[in-house]
Amino acid sequence: MAEIPVYVCSHIFENTRPILLVCKENEEWQFLCGGEHEREEIPRVVGLNHMLERDNTLSEIMGLENDSEAERQEVGGTWLISKL
Ligand SMILES: [Zn+2]
């Protein structure tokens with residue numbers, strides 16, 4: 001499988017918080033902690049398969065439609081999906 005790029009916040013990049021918010025916009029994935037960030041934070045890019053290895057519950061929302069977001073309260077929790 002080809003490497004699919006994912007934009008992540010610094011917390012996900014450094015693995016200090018779990019992924020609780022996933023956005024798919026313009027066919028681009030963002031995996032975020034759902035928390036606050038510095039305004040000038042620079043998004044980082046990682047490979048989707050590395051994120052799935054870290055947290056296989058992300059596979060539940062791999063069919064997310066474009067221009068949608070999925071949010072959950074905790075790892076293993078129910079995803080709430082909404083349109084962007
Ligand atoms: Zn974050």
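The model is predicted.

The protein chain holds two helices and six strands. Read from the N terminus, its elements follow the order β-α-β-β-β-α-β-β. The radius of gyration is 12 Å, close to the 12 Å that the globule rule gives for 84 residues, so the protein chain is as compact as a globular protein of that length. The C-alpha trace spans about 30 × 30 × 25 Å along its principal axes. Of the 84 residues, 11% are buried. Contacts were also sorted by separation along the chain. Among those between residues at least 6 apart in sequence, 46% join residues at least 24 apart.

The six strands form an open sheet. Their order across the sheet is β4-β1-β3-β2-β5-β6, and the pairing is mixed. Strands β4 (44-47) and β6 (80-83) stand at the edges. Each has a single partner strand, so one side of each is left without a neighbour in the sheet. From one strand to the next, the twist averages 25°.

The pairings can be followed across the sheet, starting with β4. Strands β4 and β1 are antiparallel and share four bridges. In this pair, Tyr 7 has Val 45 of β4 as its bridge partner. Strand β1 covers residues 5-8 and runs parallel to β3, with three bridges between them. Here Val 8 stands opposite Phe 31 of β3.

Next come β3 and β2. Strand β2 (residues 21-25) and strand β3 (residues 28-32) run antiparallel and are joined by five bridges. Glu 25 stands opposite Glu 28 of β3. The two strands form a hairpin with two residues between them. In this hairpin, Asn 26 takes a positive phi near 50°. On from β2 comes β5 (residues 68-71), and these two strands pair in the antiparallel sense over four bridges. Lys 24 has Ser 68 of β5 as its bridge partner.

In a regular strand, side chains alternate between the two faces of the sheet. Strand β1 has one covered face and one uncovered face. Val 6 and Val 8 belong to the covered face, Pro 5 and Tyr 7 to the uncovered one.

Nonpolar side chains tend to be buried together in soluble globular proteins. In this model, the largest nonpolar core has nine residues in all. They are Val 6, Val 8, Cys 9, Ile 12, Ile 19, Val 22, Phe 31, Leu 32 and Leu 58. The elements that give two or more residues to this core are β1 and β3. Val 22 is one of the core residues. Not counting residues up to four places away in sequence, Val 22 touches Trp 29, Gln 30, Phe 31, Ile 61, Leu 64, Glu 69 and Ala 70.

Two further residues were examined one by one. Glu 71 lies in strand β5. It counts as partly exposed because 17 C-beta neighbours lie inside 10 Å. Leaving aside neighbours within four places in sequence, Glu 71 is in contact with Leu 20, Leu 21, Gly 34, Trp 79 and Leu 80. Glu 71 and Ile 19 are 52 residues apart along the chain, and their C-alpha atoms are separated by 9.0 Å.

Arg 44 has 13 other C-beta atoms within 10 Å, so it is partly exposed. Arg 44 touches Val 8 and Phe 13, not counting residues up to four places away in sequence. Arg 44 and Pro 5 are 39 residues apart in sequence, and 9.7 Å apart in space from C-alpha to C-alpha.

Definitions and conventions:
Residues numbered from 1 in each chain as written. Predicted model: local features only at pLDDT ≥ 70, side-chain atom pairs only at ≥ 80, totals over all residues. Pairing = 2+ DSSP bridges. Rg over C-alpha atoms; globule rule 2.2 N^0.38 Å. Buried ≥ 20, exposed ≤ 12 C-beta atoms within 10 Å, placed from the backbone. Contact = placed C-beta atoms within 7 Å. Axes fitted to C-alpha atoms, helices over the stretch in contact; angles between N-to-C directions. Core = buried A, V, L, I, M, F, W, Y, C linked by C-beta atoms within 7 Å.
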